[in-house]
Number of protein chains: 2
Amino acid sequence: MSVKCINCPLRKSDLFHKMSSETLEFMQRFKVGEMEVEPGTPLLSEGSNAPQLYTALSGMGLRYKLLENGSRQVISFVFPGDFLGLQAGVMKEMTHSVEATTAMKLCVFDRKELWSLFRTIPDRGFDLAWLAATEERFLGEALTSVGQKSALERMSWALARIFRRLKATTPAAGDLVRLPYRQQDLADALGLSLVHTNKTLAKLRERQLATWSDGKLSVPNLARLEELALIENPELPTRPLM
Amino acid sequence: MSVKCINCPLRKSDLFHKMSSETLEFMQRFKVGEMEVEPGTPLLSEGSNAPQLYTALSGMGLRYKLLENGSRQVISFVFPGDFLGLQAGVMKEMTHSVEATTAMKLCVFDRKELWSLFRTIPDRGFDLAWLAATEERFLGEALTSVGQKSALERMSWALARIFRRLKATTPAAGDLVRLPYRQQDLADALGLSLVHTNKTLAKLRERQLATWSDGKLSVPNLARLEELALIENPELPTRPLM
DNA sequence: CGGGGAATTGACGCTGTTCAATACTGGTGG
DNA sequence: CCACCAGTATTGAACAGCGTCAATTCCCCG
């Protein structure tokens, strides 16, 4: 039994723009169904031309690129409310892969309808451009972090960004959020070795800026963490929900 | 005297999609004028909400972010045909700055008309989403290069990408293209120090894979350079011209 | 002729990598 | 019930790629 868009639990979060009832109706028609996947399931593959687009409803995932030499760059973490497959939607193919890290529930859309979306509801077309521009924004910041910051600063940056994002859409108890990734995932996201990632996390723990163990991240003093991370604009903008 | 879109010299390049005559007419109306700037002129600033959008007609520039600690990440190089200001157009503000490196000529558009573009010419709205998705694609690749590759591989990656892009839109004599940046610019793009950038360039020169001096880049064997750069998909896709 | 920006080169050291050993966990099959 | 195993986290030690410091050269421009 598929959730109706009008009852979508994500809409309760202040993170997302309010949707007009017409838009809501359109999205309901655009929506093909729902999908539940196990941890480790590939959702989209680099080079493929996926026929489907998704919005993550629950669970978490990873976007990444693989190199011939075996290394992996994690492009970003996928959280509830994120839209997946935009690249396949507007270009011919994906340039990175996406997979589920935990069990996930996803809202499924038909890629073929994307064009009608631009034609019939320009607002939504604009929203898609907005989303793509936001990805660009995020990746520019990630590139800056990996290119210019020390390991400790990078790690602080990632944990601070993740913490704010998760507090906005997942149940959080005080300064604790669930973060069910492996240290290797963070390492691949930040361009660090696994060993040094571990040691850097230990430093943040000693300094009582961030503690991440057993799948739970605790940030007792977000402002100080963001300061160390050289984050200039900590608030995350509200965004459209597809 | 402003160039009419229909006579735009960039349209001759195979790099860009063909434009319908209706689209061409719309763009002509969308176009406010032209701008010529000196080397070093700031075009868009991080944090600002620029009222104008640009398409680079000639000359070259830089997109970059500055950190509090004084370091600079070059996000990408700006070449003829690139569209500038999309972020300011769809979000409230720019998240990086853009400045002219050489003298540039730019086509100027009015940001306020962007919304009417989505409404009246959905094709162009789609093209904008396409452009944003392409930026995302590029930045994902840049992040992967900076995060996972050695200095030599990164440098090869940058020079190979730049070389192909420049051959597509600027006059090139054989394996020679004009590349009027400083080594510091490349260094800031790749997350390397200036000194190591210099030494890495020397290595590429010794190996006769790429020679960049006096503002001119020569790549005698592109395939080998791209192989060293771990580039999986070397051809650059054709793209919309705004 | 003087000065500032850019490129080049050598010496040295630090940040982060690689190698390796240990411990802890949950899952599996005897 | 327990031995076994694979995946993950942790920690120490040695090493190296790249950064920092510094000096020199070249070139353009005033």
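1. Basis. This is a predicted model, in which local features need pLDDT of at least 70 and side-chain atom pairs count only at pLDDT 80 or more, while totals for chains, interfaces and linings use all residues. Residues are numbered from 1 along each chain as its sequence is written, chains are lettered from A and ligands numbered from 1 in the order in which they are written, and side-chain values use heavy atoms, with hydrogens and water left out.

2. Relation of the chains. The same surface serves both copies, since 98% of the contact residues of chain A recur in chain B; contact means heavy atoms within 4.5 Å.

3. Aromatic pairs. Over all chains there are 14 aromatic pairs. Rings of Phe, Tyr and Trp (its six-membered ring) pair if their centres lie within 6.5 Å; planes under 30 degrees apart count as stacked, over 60 as edge-to-face and the rest as tilted. The ring centres of A:Trp115 and B:Phe126 are 5.6 Å apart and the planes stand at 80 degrees, so this pair is edge-to-face. A:Trp115 lies in helix 3 (residues 114-120) of chain A and B:Phe126 in helix 4 (residues 122-148) of chain B, so the pair joins two chains. Helices (H or I, at least four residues) and strands (E, at least two) are DSSP runs, numbered from the N terminus.

4. A:Trp115 is partly exposed at 32% relative accessible area, whereas B:Phe126 counts as buried at 17%. Buried means under 20% relative accessible area, exposed over 50%, and partly exposed in between (1.4 Å probe, protein chains only).

5. A:Phe126 is buried at 17% relative accessibility, and B:Trp115 is partly exposed at 32%.

6. Other ring contacts. One aromatic cluster is formed by A:Phe26, A:Phe30, A:Phe83 and A:Phe109. A:Arg72 lies over the face of A:Tyr64, 6.0 Å from the ring centre; B:Arg72 lies over the face of B:Tyr64, also at 6.0 Å. The criterion is NZ of Lys or CZ of Arg within 6 Å of the ring centre and within 35 degrees of the ring normal.

7. Backbone. Two residues of chain B other than glycine deserve a look. B:Asp214 has a positive phi near 60 degrees; B:Asp214 sits in the loop between strand 10 (211-213) and strand 11 (216-218) of chain B and is exposed, with a relative accessible area of 70%. B:Leu230 also has a positive phi, of about 60 degrees. B:Leu230 is in the segment after helix 8 (222-228) of chain B and is buried, at 11% relative accessible area.
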